[in-house]
Amino acid sequence: MLQDRARRGRLQALGRTTIGDDRDTDKGADRETASSAGAEPDVPPRPKPELPQRARELMIAALGLFAGRDFSAVTIKDIAKSAGVNTALIYYYFDNKEDLFRATLDYAVERALENYRRLGERHSDPVDLISDWFDNHAELSEPIRQLVKIMLDYRTARTQIRVIDDIIKQFYDEECRIISESVQRGIALGVFRPVDPEQAANLASTHLDGIMVRSMIHRNLNVVGAIAALKDLFFEHLGYRAKGAAAGRIPPRVANAT
């Protein structure tokens, strides 16, 4: 509960925007053009990896704009200009700006989750997996920061949509699952002290969000250094000494004092 409240507090810190349909004045004309080309703008396909490359390019262009500005400040025309296409092409694949936002978030989350899954497949040692997980956030801090910015923009909006809520929940559930299972495995192996695995996972996830949000406020924040410090603190919380000649489980007397 405490970690959830902390996460919500950080996500609410940057203010509120309104998410709704895009109101470009040429929207009707664009829909008519797309319809005449054989599209079905009122029943857009749910974006998935098998979509045409052009649809993915539109989502990537939208990702950069949504991450750089508030949702309400980005128009379909802006996205079309950034992608170098006519607005009619966007309506060929997406119903409106809100639908494109959903698809963009879905796409970004799926990419992040796939990366998390690869980490899980690459490591059997819980220490290595957790360490690599933190390092991965440091190496990919910019796209992850963009993803957090987009989720922040949506979460602090007045309009909430169930399917987008589900996408965000999936992201955090999968993230916490990987960490909590690794913590639980480390406890079973005797390399971590007994802690609540889910609470520990939420702790790591919440503080990583805090670093990403703070980097939006303080542009000169050393994100890599902050994540490295958080990794050391997390291992200390688990009672694990990651460096030095006496690497391994911290003696219970020391671990209990942390």
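A residue is called buried at under 20% relative accessible area, exposed at over 50% and partly exposed in between (1.4 Å probe, protein chains only). The model is predicted, so local features need pLDDT of at least 70 and side-chain atom pairs count only at pLDDT 80 or more, while totals for chains, interfaces and linings use all residues. Residues are numbered from 1 along each chain as its sequence is written, and side-chain values use heavy atoms, with hydrogens and water left out.

**Exercise 1.** Find Phe235 and Tyr240: are they buried or exposed?

*Solution.* Both Phe235 and Tyr240 are buried.

**Exercise 2.** Work out how the rings of Phe66 and Phe101 are arranged.

*Solution.* 
- Step one: recall the rule. Rings of Phe, Tyr and Trp (its six-membered ring) pair if their centres lie within 6.5 Å; planes under 30 degrees apart count as stacked, over 60 as edge-to-face and the rest as tilted.
- The whole structure holds 9 aromatic pairs.
- Step three: apply the rule. The centres of Phe66 and Phe101 are 5.2 Å apart and the planes sit at 80°, so this pair is edge-to-face.
- Step four: locate the partners. Helices are DSSP runs (H or I, at least four residues), as strands are (E, at least two), numbered from the N terminus. Phe66 belongs to helix H3 (residues 53–68) and Phe101 to helix H6 (residues 97–122), so the pair ties together parts 35 residues apart in sequence.
- Step five: check burial. Phe66 and Phe101 are both buried.

Now go back to Phe235 and Tyr240: their pair is tilted, with 5.4 Å centre to centre and 50° between the planes.

**Exercise 3.** Compare the span of H3 with the expected one.

*Solution.* 
- Step one: the expected span is 1.5 Å times one less than the number of residues.
- Step two: H3 has 16 residues, and 22 Å is expected.
- Step three: from first C-alpha to last, H3 reaches 23 Å, close to that value.

Buried residues of H3 include Leu58, Met59 and Phe66.

**Exercise 4.** Where is confidence lowest, and where is it highest?

*Solution.* 
- Step one: pLDDT is the predictor's confidence in each residue, from 0 to 100.
- Step two: the chain's mean is 75, and 72% of its residues reach 70 or more.
- Step three: helix H2 (residues 27–36) is lowest with a mean of 39, and helix H11 (residues 223–237) is highest at 94.
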